[in-house]
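Thanks for coming, everyone. Please have a look at the model on the screen, and then I'll walk you through it.

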Protein chains: 2
Amino acid sequence: MDINAYMQTLGAAARQASRVIARASTLEKNTALQAIFDALVEDRAHILVANARDVEQGKAGGLDDALLDRLALNEARFEGMLEGLRQVIALPDPIGEMSDFTYRPSGIQLGKMRVPLGVIGIIYESRPNVTLEAASLCLKSGNATILRGGSEALHSNQAIAAGIRKGLRAVGLPEAVVQVVETADRAAVGQLITMPEFVDVIVPRGGKGLIERISREARVPVIKHLDGNCHVFLDREADPVKAERIAINAKTHRYGVCNAMETLLVDAPVAGALLPGLAEAYRARGVELRACERTRAIIGDAVAATEEDWYTEYLAPVLAIKIVDNLDEAIAHINQYGSHHTDAIVTENYSRARRFLAEVDSSSVMVNASTRFADGFEYGLGAEIGISTDKIHARGPVGLEGLTSQKWIVLGDGQIRQ
Amino acid sequence: MDINAYMQTLGAAARQASRVIARASTLEKNTALQAIFDALVEDRAHILVANARDVEQGKAGGLDDALLDRLALNEARFEGMLEGLRQVIALPDPIGEMSDFTYRPSGIQLGKMRVPLGVIGIIYESRPNVTLEAASLCLKSGNATILRGGSEALHSNQAIAAGIRKGLRAVGLPEAVVQVVETADRAAVGQLITMPEFVDVIVPRGGKGLIERISREARVPVIKHLDGNCHVFLDREADPVKAERIAINAKTHRYGVCNAMETLLVDAPVAGALLPGLAEAYRARGVELRACERTRAIIGDAVAATEEDWYTEYLAPVLAIKIVDNLDEAIAHINQYGSHHTDAIVTENYSRARRFLAEVDSSSVMVNASTRFADGFEYGLGAEIGISTDKIHARGPVGLEGLTSQKWIVLGDGQIRQ
């Protein structure tokens, strides 16, 4: 099979289907999502068998436990998938929203209309639940999707895709509204990201290396998430109780997530009061501490942090700690070493809170709250297609709105340019 | 001189300056713009002399008349530049706008804050007035800029840049807020578009070839304008007076602009009534007509249009005309052959107007108004850095808001994730 020709066929079909789903009404889209729900319930046994086959092949192929865990669909995960779909059905439809209409001096009435992006290509790891989640978010936002999951999940994805097609057929929508790339050939990705005539935006999900490579080679815009090197700064006027709650929660609530704190910054005047108790609490939870010299002088046997530590997203029970002289140093450190993802200050001081909010250049900036709140569900987006570390288009958690665009609408009565 | 090292020096200085200008108050930014205004008035003679030198070298180097015209700054153009700067000073400051604050069930209060993008690289042709326009829009929106104009305008740009620096110094802002690339070496562009650590977004202005090359090679997001193949569709229920006014204005008001109509689509039932008068009016204005067979049968000696004509942005007194059977065919034609820039329907029919607005996939969609309205001044943006034909981030005319981003703000009282 010629991979490029195959991908172009998918692309052309997606482009055509995107015109149909773009003008589908909210009721049509919700009915389609419900039909997909019903089809998946009907196909449950079949999908779980296909998934078991993937897991078995993965084990035989030597996949590590973490990857196998992400690959496996059990009854509970399947229920979770369905529950996610139910939530997408319940979300308000962003498409067609008209806003900001005003009359211009020429007499034209100018406003905006929210519209789908068109065709969205999603590239992700071997996580079958992402197949349904991404497909349903794209469909709800009026977009056609081409899904390219990890090759280890190919049978699971094919089975889920068959269910999705069944649902689309049941309501008379083109099957090409959601297409799964049915080949494990890696050349498919190279083609998918270089067809601007058929694909409007690429959303890669996965490891940093993969995402960097896709961004480098793509010929269409990429909504991407690189790393989450998040900070909490304990200001000299931090409430000690809030400081401890937030510093512990941001690090230890979950370790392998992008919104976990990786570096704790402590204002010098309160370092002596706050750090001993915090260090004890971290150690009790098995968190390894890597600290600057001033911190080590206070808390004892922490590992000496290197320059590299300030840049590192550990995604593990490891925390870097640094004492800074003041707010300026904290902001400068975050903007220099951070990844512009999520950063928080703990303080009761109004002016410093305001400066931190304005000057920290991150997609989410917080006062007296745990960095762990930075996600689509907590932000009320209902679900997220990812968290963007880009500044343009969508920044931070990306929900349905990030999969849309606004076009200008001009309503006239025959006006011409003078 | 090592061009890459030189560009990285500019980049690092811009990144640092961007932190300063990002937190400047509206008053500070307006004062800086006023100081730049005063410096340019003071340097007027010097700038005009430098420009005369560029024009002379351009003539000697064989630049064509159109390019020479764009390059030349006379007193009137200089006044126009200053007037544009006055308007930017008068625009509201988009930075710091806080919006959409709501409480989430967790108790956090979530909203958005509008912030600068950071460092913006502008690549443009030999048009010295763009230097000031781009610099002032970027400064007002809190961004640092690196400007790379055409080499034929180097002396003019250096003289204008000196005035801008004088203004920045006068108010104590870093000179690196606005930097002009002071080398004609083309390698500078290659480096400017591949420094994601220093440059957040590139705005290219110029020919399609240049913009396509920059988009292909850039390693940072590009806000770009490719072509403007705009359409007017005269529906069967078009008011004949509005139809003629708009069809004539959209084509003949100015020929070399991206929002001029390039193809006229006419609904079959009214073609016989509307086309003869229109053809006469176009011919009287010297517009060459290239038409489908059905049109030629009505208006006589038009050139036969080829498939290529439907794709073409003439930017000249040439118009393609096609009769379509109905609204569906008109929408399909526009979405297939158009450039998703600006398209208009003329009709008194409510339902077809609504369908046209929803289904035409262009950055500006109009009812009963001339496509010529699609620009930043007419839309009230005050000025525009360009017209985006992209779907993501900024679509259509891009003013100050397109040079900004929104970050999420979370205000808490010690909330942690459960």
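Two remarks on the source. This is a predicted model, where local features need pLDDT of at least 70, side-chain atom pairs count only at pLDDT 80 or more, and totals for chains, interfaces and linings use all residues. Residues are numbered from 1 along each chain as its sequence is written, while chains are lettered from A and ligands numbered from 1 in the order in which they are written.

First, the overall picture. Chain A has 15 helices and 16 strands. Those are DSSP runs numbered from the N terminus: helices are H or I with at least four residues, strands are E with at least two. Along the principal axes, the C-alpha atoms of chain A fill a box of roughly 70 × 70 × 35 Å.

How much of chain A is buried? The figure is 53% of its 418 residues. Buried means that 20 or more other C-beta atoms lie within 10 Å of the residue's own; exposed means 12 or fewer, partly exposed is in between, and C-beta atoms are placed from the backbone.

Now a sheet. Four strands of chain A form an open sheet in the order 5-4-3-6, with parallel pairing. Two strands pair if DSSP finds at least two bridges between them. Strand 5 (178-180) and strand 6 (201-204) of chain A are the edges, each pairing on one side only. From one strand to the next, the twist averages 20°. For angles, axes are lines fitted to C-alpha atoms, for helices over the stretch in contact, and values run from 0 to 180 degrees between N-to-C directions.

Look at strand 4 (residues 144-148) of chain A. Three bridges join it to strand 5 of chain A. There, T145(A) stands opposite V178(A). Helix 1 (residues 3-22) of chain A lies across strands 3, 4 and 5 of chain A, at about 145° to strand 4.

Next, strand 11 (residues 318-324) of chain A. Six of its seven residues are buried, so strand 11 is largely enclosed by the rest of the structure. Strand 8 (residues 261-267) of chain A runs parallel to strand 11, with five bridges. One partner pair is D267(A) and V324(A). Strand 9 (residues 288-291) of chain A also runs parallel to strand 11, with four bridges. There, R290(A) has A320(A) as its partner.

Where do they touch? 58 residues of chain B are in contact with 57 residues of chain A. Contact means C-beta atoms, placed from the backbone, within 7 Å. Strand 16 of chain B gives the largest share of its side, eleven residues. Strand 16 (residues 404-415) of chain A pairs in the parallel sense with strand 13 of chain B, over five bridges. In that pairing, W408(A) has S364(B) as its bridge partner.

Definitions and conventions: Two residues are in contact if their C-beta atoms, placed from the backbone, lie within 7 Å.
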